[in-house]
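Welcome, and please open the structure in your viewer. We will go from one selection to the next and look at what is there.

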2 protein chains.
Amino acid sequence: MVSADIKEGRRDEIAELARRRGFLWLAFEIYGGAAGFYDYAPLGALLKRRVETAWRTFYTKEGFYEIETTSVAPRDVFEASGHLESFTDRTVVCKHCKTFFRVDEGIDINKSCPECGGELEAAGEFNLMFQTRIGVPKGEKGGERVLDKSEGYLRPETAQGTFLNFPRLLRFNRDKLPFGVIQIGKAYRNEISPRQSLIRLREFTIAEAEIFVYPEEKNKHPRFEEVKERKLRLVPGEGAQAQEEMEKTVGEAVRSGTIANEYLGYHIAKVDEFLVGIGIPRDKLRFRQHEPDEMAHYARDCWDAEFFSDRYSWMEIVGVADRGDYDLSSHAASSNTDMGVYPQLQSQVQAEGEAEKAKAKAKIIPHVIEPSYGIDRIIYALLESSFYKEQVGKEKRKVLRFKKEMAPIRAAVFPLLNRDELKRKAKEVFQDLRNEAIFVEYDDSGSIGRRYRRQDEIGTPYCVTIDYDTLEDDTVTIRERDTMKQIRVPVSEVKEVLLKGRER
Amino acid sequence: MVSADIKEGRRDEIAELARRRGFLWLAFEIYGGAAGFYDYAPLGALLKRRVETAWRTFYTKEGFYEIETTSVAPRDVFEASGHLESFTDRTVVCKHCKTFFRVDEGIDINKSCPECGGELEAAGEFNLMFQTRIGVPKGEKGGERVLDKSEGYLRPETAQGTFLNFPRLLRFNRDKLPFGVIQIGKAYRNEISPRQSLIRLREFTIAEAEIFVYPEEKNKHPRFEEVKERKLRLVPGEGAQAQEEMEKTVGEAVRSGTIANEYLGYHIAKVDEFLVGIGIPRDKLRFRQHEPDEMAHYARDCWDAEFFSDRYSWMEIVGVADRGDYDLSSHAASSNTDMGVYPQLQSQVQAEGEAEKAKAKAKIIPHVIEPSYGIDRIIYALLESSFYKEQVGKEKRKVLRFKKEMAPIRAAVFPLLNRDELKRKAKEVFQDLRNEAIFVEYDDSGSIGRRYRRQDEIGTPYCVTIDYDTLEDDTVTIRERDTMKQIRVPVSEVKEVLLKGRER
């Protein structure tokens, strides 16, 4: 019944569908828009909420606590974190038209200006943080100390807010390692010339976990057993096999040294589990290790989860970094704060005298393992990989095959015909479902076929149709999105079908 | 058993408890902090998440869709919205020490500098938006047009992002009014000299609903019946009874003109319902109408929900504004975009010719009713109003009496004694509850009494204790926070008790 996918022309159709059906809208469009800024329209916001909730629940089950730190921070923070110096892009400027460009594969000195063909010259490093002033701005208030304080930046990552709170978080966790802390929130990157897409945004949402661990424990994750059989597609970056793709279990990868330690391995496996769990297809997912010259200034090792996009080829959607003690050590030095932890006591039963001795040893700065998710790119990956065009009889249909629990709308309720008695009953069913906090839509306009297509396009898993039989025997038709099969069920069982699906 | 509350000394104790137990931490404290910036620590973030989820669910039930727009926007947006001109504070500067101050009750010209006693002079209006640059900053790139584009601001409210999308939202709602759109997100206000508290933040979270309605329909809310018997404590701002407090039902208040129309009345009632629902005590809540000179530049009428704080007296926690057509008209004019809606067809059955005639009439700019919630202040109000000190036997206990469903931690699980067999069983019970996505803590340190006190302090409704009888008959003790009563229940029923409570 359903023909093979028709993939040609998919690319632009996804963007068009996302705009037309209310997933994503270019921001400030009435003022001409601004590259790198997108708004989540109603269905996009629902999808995003589902991804964020799934993420929060996933890491909460790991025993991690969420915190929420500010998105604006004073200069001191980013001076210590290294972002003032290193969170930069190299730029060139056209001698002729004066346009600035970020240096990348196509643009550098000795190449010509993409705008006017003019000669390009080096224009230095451009810091990618948005800068602002806290309080009365420079020049209006005397005193050097106050001036320094007033310089602020929009955060490029949530992680710094977590690091600054490390001593308090350690106390909250009763001075024990390991522990994990998560944040979901906005982060900013003042791109020089972003493309107009969801892929390179100036304002974006990241979900980050910072896991603090004794350096010597990195190769001993307490729950490594649970993930070690998980198979991953890996592209190690260094050594003889550089850039060669391989499939290995996490256990093998750590044993053979492809992945450096159990903590990294565990969290790479967890990223894979999460992404597959929300509906990213396994065969479009791989983990690629960064080359040494590719890593962020704070990382000593990093693996990207990459999604294969029809449009953008392989693109990073999550990074799993070993940040070592870089951040905590930097903040300890810059702020003169104790970021250390006492060495772990080897045994609970050792004599008190020995425990005291152990405590007297120098403190250790924990290492940090960090999975960092780009939520907007994950949304894009879900849209792209869920989009299908199918031949159904003589018609084509477009359908977003989201996992049922991720779909923005769970079900649509239709009266079969535009008659008052059917509409009344349909609205009743609709309202009952909404009162159960199920996301439902009501639609009575156009033919039933057209209404099905509309829901297919936004990925609604179920359509519930009220007809004249409903008024007689209180049953309805439920049509499933992917199979397009219909079943007849009593109204009293609709909720159960929508929430759990049903084997057939 | 429980004595009357002991209120003296409450004020500082709340702040101290919030810091010590992990609700709120001053941001960037290791760098000396920055006034107006707070981080949500683990328990505070949980509480905030519960408030936000309750809010989202509450307005979703109204049929409103959520969207998520950017927090950075270009200058054009705020020029049109009036914020560039009017979102300002009047300032004075000390001639002697050069410190700037916001003019308020205690500070103005003819008064002396609070810092050094020097003479104060007028220093003009200070715009309260955080300013930044999008892309390559001023001076580095030629061309006047580009420079203007690059000026950006952090939003002072989410509302503008909603207004900019109005034409697309109208289409999403199939060109029908009324409809409502919600947003929850960060907003910013670059205070000149904020107090160090949660009350006047530079970065804060707001939850706003924009309800678009035909001007002539404002006095006809379709669900007004549902709220009209709700009693409110009102302080109207204008007319003879200015500032006199009265208690009226919403229905009476609208009928007598105290509240201008049904839409305002309905949404004031909804704000009351929400706040009481999450646990703000009725007797600490009132609605006060703004005086004309007190209103924001966009508002034609506004009622604040005020919470009575022991520390700050009456303070605004929600504003319900009638913004009229101010915003949509401004953006329509500035961006040359059609923000109009066709007049409502009076009847579905009218002849097609008439419908066409009606459509040909001039379009109407909808009015906006806006409840705008200050989430951080609501968190503060919940903390303050939930805090009790009680005499229990010879001891005092501090307790946060959150509503059970708002408490950060739902239950704590204890082994009665620090013995391996009890700890093993307790961890099993703990893990089972966590797997059910219930927020639980495990604690085996200190006396059982001390562990109860710890949980009381953070508002945990239930403590589940495993003892030697548990190992025999699989029953546990559940102790309830407020009554401190204990019941014995089978392990298999623990989940039910925690989630639903139990009548006794």
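Contact here means heavy atoms within 4.5 Å. With that in mind, select A:Phe212, which touches A:Thr162, A:Phe163, A:Phe166, A:Leu177, A:Pro178, A:Phe179, A:Val181, A:Leu328, A:Pro366, A:His367 and A:Val368, leaving aside residues up to four places away in sequence. Before going further, note that this is a predicted model, where local features need pLDDT of at least 70, side-chain atom pairs count only at pLDDT 80 or more, and totals for chains, interfaces and linings use all residues. Residues are numbered from 1 along each chain as its sequence is written, chains are lettered from A in the order in which they are written, and side-chain values use heavy atoms, without hydrogens and water.

Buried means under 20% relative accessible area, exposed over 50%, and partly exposed in between (1.4 Å probe, protein chains only).

**Between the chains**

Now colour by chain. Here 84 residues of chain B are in contact with 84 residues of chain A. The rule finds 10 salt bridges across this interface, each a side-chain nitrogen of Lys or Arg within 4 Å of a carboxyl oxygen of Asp or Glu.

Zoom in on B:Lys48 and A:Glu68, a salt bridge whose closest N and O atoms are 2.5 Å apart. Are these two buried or exposed? B:Lys48 is buried at 1% relative accessible area, and A:Glu68 is buried at 10%.

Next, pick A:Arg168 and B:Glu29, whose side chains form a salt bridge (2.4 Å, N to O). A:Arg168 is in helix α7 (residues 166-172) of chain A and B:Glu29 in the loop between β1 (24-26) and β2 (38-40) of chain B, so the pair joins two chains. Helices (H or I, at least four residues) and strands (E, at least two) are DSSP runs, numbered from the N terminus. A:Arg168 is buried at 14% relative accessibility, whereas B:Glu29 is partly exposed at 40%.

**Within chain A**

Finally, select A:Lys389 and A:Glu13, which meet in a salt bridge (3.0 Å, N to O). A:Lys389 sits in strand β18 (residues 387-392) and A:Glu13 in helix α1 (residues 10-20), so the pair ties together parts that are 376 residues apart in sequence. Both A:Lys389 and A:Glu13 are buried.
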